[in-house]
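Subject: Structure for you to look at

Hi there,

Here is the structure I promised to pass on.

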Amino acid sequence: MNRKEFSSHVSASYNLYLEDLFNQILEMGGLVERQLQTSVLSVQNADAELAKEVIQLDKLVNREEMEIDRLCVRVLARQQPTASDLRLIVSAIRIAVDLERMGDEIVKISGLVLRLADRGDLDCQNLQGYKQLVEISSRARDMLKNVLDAFTRLDLSGAAAVIEEEEHVDDLFAVAMEEVTERFKESHNDIECLLQLVYALRAAERITDHARNIAESVVYLVNGQDMRNMNDDLLADFLKSLTVN
């Protein structure tokens, strides 16, 4: 499948609607990318001003989701899409929801920076787990970029790579949580900081979950396969087939 299939209808207005939908998703994805990159910088530098910028960007992300909803409803009402066109509509709605929830999780990470700035607590950056927070957030940013590229090119192997990367991040997250838990046992002075760190780590890991969901939506769009209920063995074989093809 390639994107030309969505611009080959007799109706020029139909082609335009579908092209607008593609572009609207990429625009929303670009906003979330910017939001996430700003959040990574705010965490790396403990920069409260950048954290506030992340929260402002979230309002634009929410607006984009509403615009995609309106566009999908318009296409459904006027064009009665079928087959791959209908899958595009379904995928667009799913992707917009995942991008909006990514934005919410990114705001939670920035909340850590703001609360530490309020307390004037810079020692939190030296605690176990903070370095992993930066790493997981950075990986989430890369996964988002890659999955948007996969959507643009309708690239199944690119989508499969994002799904595999999410499983690596799960392992990293487990290690980070174990280290933070150990710190809880050792110290009674950093409890508030550690709690905020756990909250931010969970948010960063959830962002990678949403990137994976988007990758699954790309797979559904291209070949109609719903991956949500696959067990581990079936998933491994399926991902291998996507990479080979």
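Among contacts (heavy atoms within 4.5 Å) between residues at least 6 apart in sequence, 79% join residues at least 24 apart. Before the rest, a word on the conventions. This is a predicted model, in which local features need pLDDT of at least 70 and side-chain atom pairs count only at pLDDT 80 or more, while totals for chains, interfaces and linings use all residues. Residues are numbered from 1 along each chain as its sequence is written, and side-chain values use heavy atoms, with hydrogens and water left out.

On the overall fold, the protein chain has seven helices and zero strands. Helices here are DSSP runs of H or I with at least four residues, strands are runs of E with at least two, and both are numbered from the N terminus. The radius of gyration is 20 Å, close to the 18 Å that the globule rule gives for 245 residues, so the chain is as compact as a globular protein of that length. That radius is taken over C-alpha atoms, and the rule is 2.2 Å times the number of residues to the power 0.38. Along the principal axes, the C-alpha atoms fill a box of roughly 70 × 40 × 20 Å.

D209 sits in helix α6 (residues 191-223) and counts as buried because its relative accessibility is 14%. Leaving aside residues up to four places away in sequence, D209 touches E166 and D170. The C-alpha atoms of D209 and E166 are separated by 6.8 Å, although these residues are 43 apart along the chain.

T38 belongs to helix α1 (residues 12-45) and, at 8% relative accessibility, is also counted as buried. A polar atom of the T38 side chain lies 2.7 Å from the backbone oxygen of R34. With residues up to four places away in sequence not counted, T38 touches L50, E53, V54 and L57.

Best wishes

Definitions and conventions:
Buried means under 20% relative accessible area, exposed over 50%, partly exposed in between (1.4 Å probe, protein chains only). A polar contact is a pair of N or O atoms within 3.5 Å; within protein, one must be able to donate a hydrogen and the other to accept it, and residues adjacent in sequence count only if both atoms are side-chain atoms.
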